[in-house]
Amino acid sequence: MKLRIGAIADPGTSVVNLTGGWRTEIPRITPELCIRCFNCVIYCPESAVKYSDKEGIYFDYDYCKGCGICSNECSGHAIYMEMEEK
Amino acid sequence: MKELRIHGRGGQGSVTAAELLAIAAFRDRKYSQAFPAFGAERRGAPVMAFMRVDDEPIRIRSQVYEPDYVMVQDASLIGVVDFMSGLKDGGILLINTPKSPEELGLKGNFTLRTINATAIAKEMIGRPIVNTTMMGAFAGVTGAVSLHAVIYAVKERFRGVAGDNNAKAIKRAYDLMIEGVSS
Amino acid sequence: MQVVEGSYAIAHAVKRCRPDVISAYPITPQTHIVEDLAQFVADGELECEFVPVDSEHSAMSVALGASAVGARAYSASTSQGLALMWEVLYNVSGMRLPVVMTAVNRAMSAPLSIWNDQQDTIGARDSGWIQIYVEDIQEAHDAMIQGYKIAESKDVMLPLMVCADGFILTHTYEPVVLAEQIEVDDFLPPYEPEYFLSVDNPLSFGCFAEPDKYMEFRYMQHEAMDRARIKIKEVADEFGKAFGRYYGGLIEGYNLDGAEIVLLTFGSIIGTIKEVVDREKNVGILKIRSYRPFPLVEIRDALKDAKVVAVIEKDFSAGFEGALFTDVKAALYNHINDLKMLGFVVGLGGRDVRADDILEIIKRSKSAMDGGITDEWQFIGLRGELL
Ligand code: SF4
Ligand code: SF4
């Protein structure tokens with residue numbers, strides 16, 4: 001595709017960029033410790049922390065880049081990081 | 001081309017006088033240019049402003065170094081500022097002072113005229129702001145701008161009673177200079 | 001014609017261009033321009049969003065944002081203020097936003113100086129903005145109107161700064177023809193950008209470019225500058241037809257026929273030089289109107305019969321020489337090799353440039369023509385007793 005002047009791009013193109021591939025450590029959750037403060041949801045830079053009534057807190061591993069911010073911010077010490085074997 | 005250098009102190013309207021004289025000269029169907037000695041003006045500090053008038057468009061943009069006319073708005077500058085610097089042979093020096101030219105004792109190959117513009121301004125405008133009165137004197141002494149053009153330029157700037165009073169002061173100063181009497 | 005202050009004439013021309021957004025931070029000697037514009041807006045003479053800001057960086061950022069939503073945007077600054085705009089200057093040009101500004105020329109600190117020279121805009125030379133230098137107040141007024149037409153033209157889409165000497169042009173009163181609204185409306189169509197930000201059609205401007213694309217964006221800017229060369233000339237011609245005033249396209253020659261010595265320069269100093277050259281034989285002037293894009297071909301053509309060219313400028317690149325001098329030499333290299341070239345720095349920090357200084361430059365050029373060159377590049381008007 002030819003470039004547009006001014007580095008003008010269509011919006012929302014970051015969804016095609018699957019940042020999950022950058023991950024070396026992966027967040028895991030101990031559901032019993034979760035107090036549902038949602039810090040993890042708010043702080044995740046990739047909006048990769050999800051919540052549903054049925055599943056509680058869970059992660060979208062297509063975009064979770066393994067930064068560990070959710071784990072750091074977790075009030076209940078419910079999220080821990082572990083080495084991911086690929 | 002004729003060149004004027006105005007000396008005054010910050011707050012005395014020297015730059016305005018140069019500007020209004022340029023407007024007056026243009027009203028006389030001549031080309032003109034006015035500008036201050038650029039700087040950080042402070043009230044009371046010595047300042048300069050310049051005016052050029054010519055039949056041709058004016059292109060030169062340096063300061064005026066060899067003026068045909070020098071106008072001094074404030075006698076307290078005597079001995080403080082070298083206002084005679086570069087004044088052309090046969091040029092005209094116009095000073096606001098109650099003293100006569102003889103009393104001032106300034107020597108050189110130029111015509112010295114004095115006028116008590118402060119007294120005129122106090123009487124006719126009610127404030128010791130002399131720039132417009134000096135413009136009238138300048139028109140009378142030099143003929144470089146016409147009286148009606150000076151009054152036009154000043155009345156454009158100061159409307160109503162203030163404009164009328166300024167015009168009276170200008171006319172008085174002009175007449176005094178034309179009559180050759182230094183008041 | 002009427003006698004007005006240079007700043008007023010510039011503000012008036014900007015008003016006639018109907019900007020949608022003006023954003024500026026006051027700084028001497030640009031202040032009067034922005035004050036006059038603020039007055040027009042307050043008096044209801046100009047319908048426009050006037051955005052007072054906390055700094056020049058914000059001023060140019062506001063202009064950037066405004067231009068990106070399709071507004072006609074204006075700003076003005078000088079010296080340290082222009083320097084504070086630096087990173088935004090590159091963003092505006094990189095996003096290809098046709099912001100137009102008045103860059104009032106003033107010396108850079110330190111030492112602190114509020115007076116005129118051209119170090120500030122020369123520093124912004126490589127920021128991707130078109131730079132037009134003007135000679136007098138009328139040209140400054142007219143260049144603002146031309147500026148929007150050049151910048152906004154579809155095949156250019158680059159920001160443009162009109163560089164006008166501080167104080168010497170901004171604070172001088174002289175007769176100027178102030179453009180009427182109807183004339184400017186006929187000449188300058190409304191700004192209709194191809195791309196602009198809107199909620200209905202979201203886009204992202206100045207996106208991330210990895211090494212596989214960055215160079216191409218810069219190359220496109222280079223091509224746009226090439227097209228601007230043509231556009232600047234076209235707009236000057238159109239303006240001449242519409243308003244009856246013409247200052248040259250990229251350059252303008254004065255007394256060049258048969259001139260052996262050519263004084264090459266830009267800005268307000270040209271008026272004083274014309275006055276001097278009229279009394280000299282075989283001395284001409286080459287005025288550079290457009291510094292970026294640089295008029296390579298035009299300069300080569302104009303200088304082909306000259307024997308000596310003296311480049312006069314109010315700036316210098318510490319550790320080398322005058323920026324314009326370097327550029328002129330580069331333009332001629334491989335093209336005209338029997339021309340002697342001298343560079344002169346004058347008027348830094350508001351040092352008045354007098355007719356005598358120009359005569360001295362002509363004298364040195366003559367001796368270079370007859371003999372050899374001892375000093376290729378030199379300062380004129382230095383006070384040796386202080387050194
Ligand atoms: S590790 Fe980082 S990216 Fe992944 S879910 Fe936690 S905060 Fe989000
Ligand atoms: S931050 Fe920890 S405690 Fe809070 S909702 Fe997320 S997992 Fe639960």
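Visitor: What classes of residue make up the shell around ligand 1?
Guide: This is a predicted model. In it, the shell around ligand 1 has 10 nonpolar, 2 polar and 1 charged residues.

Visitor: Which residues are closest to ligand 1?
Guide: Cys44(A), Cys64(A), Cys67(A), Gly68(A) and Cys70(A) are the closest. In total, 13 residues surround ligand 1.

Visitor: And ligand 2, what surrounds that?
Guide: The stretch Cys34(A), Ile35(A), Arg36(A), Cys37(A), Phe38(A), Asn39(A) and Cys40(A) is part of the shell. Ile29(A), Cys74(A), Ser75(A), Gly76(A) and Ile79(A) complete the list.

Visitor: How does that shell divide by class?
Guide: Around ligand 2 there are 8 nonpolar, 3 polar and 1 charged residues.

Visitor: Where does Arg36(A) sit?
Guide: Arg36(A) is in the loop between strand S1 (25–29) and helix H1 (39–43) of chain A. Its phi is positive, about 60°, although Arg36(A) is not a glycine.

Visitor: Switching to the chains. Which pair has the most contacts?
Guide: Chains B and C. There are 2 pairs of chains that touch, and B with C has the most contacts among them.

Visitor: How far apart are chain A and chain B?
Guide: Their closest C-alpha atoms lie 41 Å apart. No contact joins chain A and chain B.

Visitor: What about helix packing in chain B, say H4(B) and H6(B)?
Guide: H4 (residues 131–142) and H6 (residues 160–178) of chain B pack at about 35°. Their axes are 7 Å apart. The crossing is right-handed.

Visitor: Which residues meet there?
Guide: H4(B) brings Thr132(B), Thr133(B), Gly136(B), Ala137(B), Ala139(B), Gly140(B) and Val141(B). H6(B) brings Asn166(B), Ala169(B), Ile170(B), Ala173(B), Tyr174(B), Met177(B) and Ile178(B). The contact of H4(B) with H6(B) has 9 nonpolar, 5 polar and no charged residues.

Visitor: On to chain C. How is it divided?
Guide: Into domain 1 (2–243) and domain 2 (252–386). The domain centres, taken over C-alpha atoms, are separated by 28 Å.

Visitor: How many residues are in contact between the two domains?
Guide: 28 residues of domain 1 of chain C are in contact with 26 residues of domain 2 of chain C.

Visitor: How do H7(C) and H9(C) pack?
Guide: H7 (residues 137–152) and H9 (residues 214–243) of chain C pack at about 130°, with axes 10 Å apart. H7(C) and H9(C) are therefore oblique to each other. The crossing is right-handed.

Visitor: Which residues are involved in that one?
Guide: Asp142(C), Ile145(C), Gln146(C), Lys149(C) and Ile150(C) come from H7(C). They meet Lys231(C), Ile232(C), Val235(C), Ala236(C), Glu238(C) and Phe239(C) of H9(C). By class, the contact of H7(C) with H9(C) has 6 nonpolar, 1 polar and 4 charged residues.

Visitor: And H10(C) against H13(C), at what angle?
Guide: H10 (residues 269–277) and H13 (residues 355–370) of chain C pack at about 65°, with axes 9 Å apart. That makes H10(C) roughly perpendicular to H13(C). Ile269(C), Thr272(C), Ile273(C) and Val276(C) of H10(C) make the contact with Ala355(C), Ile358(C), Leu359(C) and Ile362(C) of H13(C). The contact of H10(C) with H13(C) has 7 nonpolar, 1 polar and no charged residues.

Visitor: Last topic, cis peptides. What is omega between Thr28(C) and Pro29(C)?
Guide: About 0°, in a cis peptide bond. Pro29(C) lies in the loop between strand S2 (21–24) and helix H2 (31–42) of chain C.

Visitor: And from Ser109(C) to Ala110(C), cis or trans?
Guide: Cis, with omega near -10°. Ala110(C) lies in the loop between strand S5 (100–105) and helix H6 (119–123) of chain C.

Definitions and conventions: Residues are numbered from 1 along each chain as its sequence is written. Chains are lettered from A and ligands numbered from 1 in the order in which they are written. This is a predicted model: local features need pLDDT of at least 70, side-chain atom pairs count only at pLDDT 80 or more; totals for chains, interfaces and linings use all residues. Side-chain values use heavy atoms; hydrogens and water are left out. A residue is near a molecule or strand if one of its heavy atoms lies within 4 Å of it. Ala, Val, Leu, Ile, Met, Phe, Trp, Tyr, Cys and Pro count as nonpolar, Asp, Glu, Lys and Arg as charged, and the others, Gly among them, as polar. Axes are lines fitted to C-alpha atoms, for helices over the stretch in contact, and angles run from 0 to 180 degrees between N-to-C directions. Helices (H or I, at least four residues) and strands (E, at least two) are DSSP runs, numbered from the N terminus. Angles under 35 degrees count as roughly parallel, over 145 as roughly antiparallel, 65 to 115 as roughly perpendicular and the rest as oblique. A crossing is left-handed if the near helix is turned anticlockwise from the far one by less than a right angle, and right-handed if clockwise. Contact means heavy atoms within 4.5 Å. Domain bounds come from an automatic or database domain assignment.
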